[in-house]
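Subject: Model for you, with notes

Hello,

Here is the model for your files. Please open it beside this email and read the two together.

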Amino acid sequence: KNRELMPIVAPNKLKNDSDVYDNVILTKTIPRNNQDDFTTLTKQNPHNPSKKVKNFLKSNKKIFNKFNTMGKYDLILDNVIAKKIGVNEDQIVFFKTEFDAIKRLFELFVSKGSEIVSTNPPWAYLELCTIESKAMLNLTTLENTNGRELDINYQYITFSPKTKIIYLSSPNNISGQCIKNNKAWKKFLEKIPDNILIIIDQRYFEFVYETKELDKDKPNMLDAIELMKNNKNVIVFRSFNNFYSIENLEICYFIADNSIINFFKNSQVINPIDRFTEGLALTVIDDPYYEKTKKKIQQERERMFRT
């Protein structure tokens, strides 16, 4: 299909270009001068950013470097997050975007012919990276439970010598429901070999707001950080991209055993975070405004459940 590039581009790369990327549906194609004329349905926070963010953008003049020469930038954000969630700062590695994170994960851990286990439908970036890596995606359909929930049936998930990654989201990217720390999960976890990476995708973790009234009769939600502390093959994936209502704030990060994190960091020649982006993240991370926003979203969710 592209004879002009055939002498200089590998056939499999040309095949990806025509079979994969030509069929990607882009979502950021609304003209900037008439964005207010569109109503969009997204899995993101619909509320405005806080006053602290607006003040930060207006008043802080020391957030930009004059020269783009810094290969490594001395971070503060990793220390702040580490204290907040109870881990060491050497257990966190940052990426500029969610796609950068998942792509680097595949570059370092997935080889041709490897198998990735996940739930159906998969996260689009996960599917793209699987195709690019010439790996295989083994998907398990979420199961309807009493007409109210879509749960993972762990009995249907199988492993093989080629299985490299088990990718599960909590809350689930589609159903919005979290992995329950029940007998089925614990039994499934015991069967997973140590050489298989378990990725717990928590990019929408801020939308989870448990209340005693709603959850008193349900199994506890899986504590992904505690799971990571007890299992060296677990990586927790979190993001600033979906909850804070700032288009430019796309930082995400992996939390894992320091040996895995060092492996990631050694592959980062240039640090993905600049002072401006880090400043935004530090502004929102402990802003009480977002706790109030979280409660508003929960109240709206409960109202819709009642209707």
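First, a term: a residue is buried under 20% relative accessible area, exposed over 50% and partly exposed in between, using a 1.4 Å probe and protein chains only. By that cut-off, 41% of the 307 residues of the protein count as buried.

Some ground rules. This is a predicted model, where local features need pLDDT of at least 70 and side-chain atom pairs count only at pLDDT 80 or more, while totals for chains, interfaces and linings use all residues. Residues are numbered from 1 along each chain as its sequence is written, and side-chain values use heavy atoms, with hydrogens and water left out.

**Overall build**

The protein has 11 helices and 9 strands. Both are DSSP runs numbered from the N terminus: helices are H or I with at least four residues, strands are E with at least two. Contact means heavy atoms within 4.5 Å. Among contacts with a separation of 6 or more, 72% join residues 24 or more positions apart.

**The sheet**

Strands pair if DSSP finds at least two bridges between them. Seven strands make an open sheet, in the order β1-β9-β8-β7-β6-β2-β3, and the pairing is mixed. The edges are β1 (92–95) and β3 (136–141); each has a single partner strand, so one side of each lacks a neighbour in the sheet. On average, neighbouring strands are turned by 25° against each other, direction ignored. Axes here are lines fitted to C-alpha atoms, for helices over the stretch in contact, and angles run from 0 to 180 degrees between N-to-C directions.

Look at β8 (residues 234–239). How many of its residues are buried? The count is 6 of 6. Val234, Val236 and Arg238 cover one side, and Ile235, Phe237 and Ser239 the other; all are buried.

β8 has these partners:

- Strand β7 (residues 197–201) runs parallel to β8, joined by 4 bridges. Ile198 stands opposite Val234 there.
- Strand β9 (residues 252–255) runs antiparallel to β8, also through 4 bridges. Val236 has Ile255 as its bridge partner.

β9 also pairs with β1, antiparallel, over 4 bridges. Ile255 is again the partner, this time of Ile92. Helix α3 (residues 77–85) lies across β1, β8 and β9, at about 125° to β1.

**Cores**

A nonpolar core is a set of buried Ala, Val, Leu, Ile, Met, Phe, Trp, Tyr and Cys residues joined through side-chain atoms within 4.5 Å. The largest one has 49 residues. Those with the most contacts inside it are Ile81, Phe94, Trp185, Ile200, Phe240, Leu249 and Ile255. A second, separate core has 25 residues, including Val93, Leu105, Ile165 and Ile260.

Ile200 is worth a click. Beyond its neighbours within four places in sequence, Ile200 is in contact with residues including Trp185, Leu222, Val234 and Phe237.

**Aromatics and charges**

Rings of Phe, Tyr and Trp (its six-membered ring) pair if their centres lie within 6.5 Å; planes under 30 degrees apart count as stacked, over 60 as edge-to-face and the rest as tilted. There are 24 aromatic pairs. One of them is Tyr289 with Tyr290: edge-to-face, 5.0 Å centre to centre, 90° between the planes. Tyr289 is partly exposed, at 27% relative accessible area. Tyr290 is buried, at 3%.

Ring pairs also link a cluster: Phe95, Phe99, Phe109, Trp123, Tyr125, Tyr167, Phe237, Phe254, Phe263 and Phe264.

A charge sits over a ring if NZ of Lys or CZ of Arg is within 6 Å of the ring centre and within 35 degrees of the ring normal. Arg203 has its charged end over the ring of Trp123, 3.8 Å from the centre.

**Two single residues**

Ala101 is in helix α4 (residues 98–109). Its relative accessibility is 0%, so Ala101 counts as buried. Outside four places in sequence, Ala101 is in contact with Phe95, Phe237, Cys252 and Phe254. Ala101 and Phe237 are 136 residues apart along the chain, yet their C-alpha atoms are separated by 8.9 Å.

Asn153 is in the loop between β5 (149–151) and β6 (163–169). Is Asn153 buried or exposed? Asn153 is buried, because its relative accessible area is 12%. Not counting residues up to four places away, Asn153 touches Thr140 and Glu143.

Best wishes
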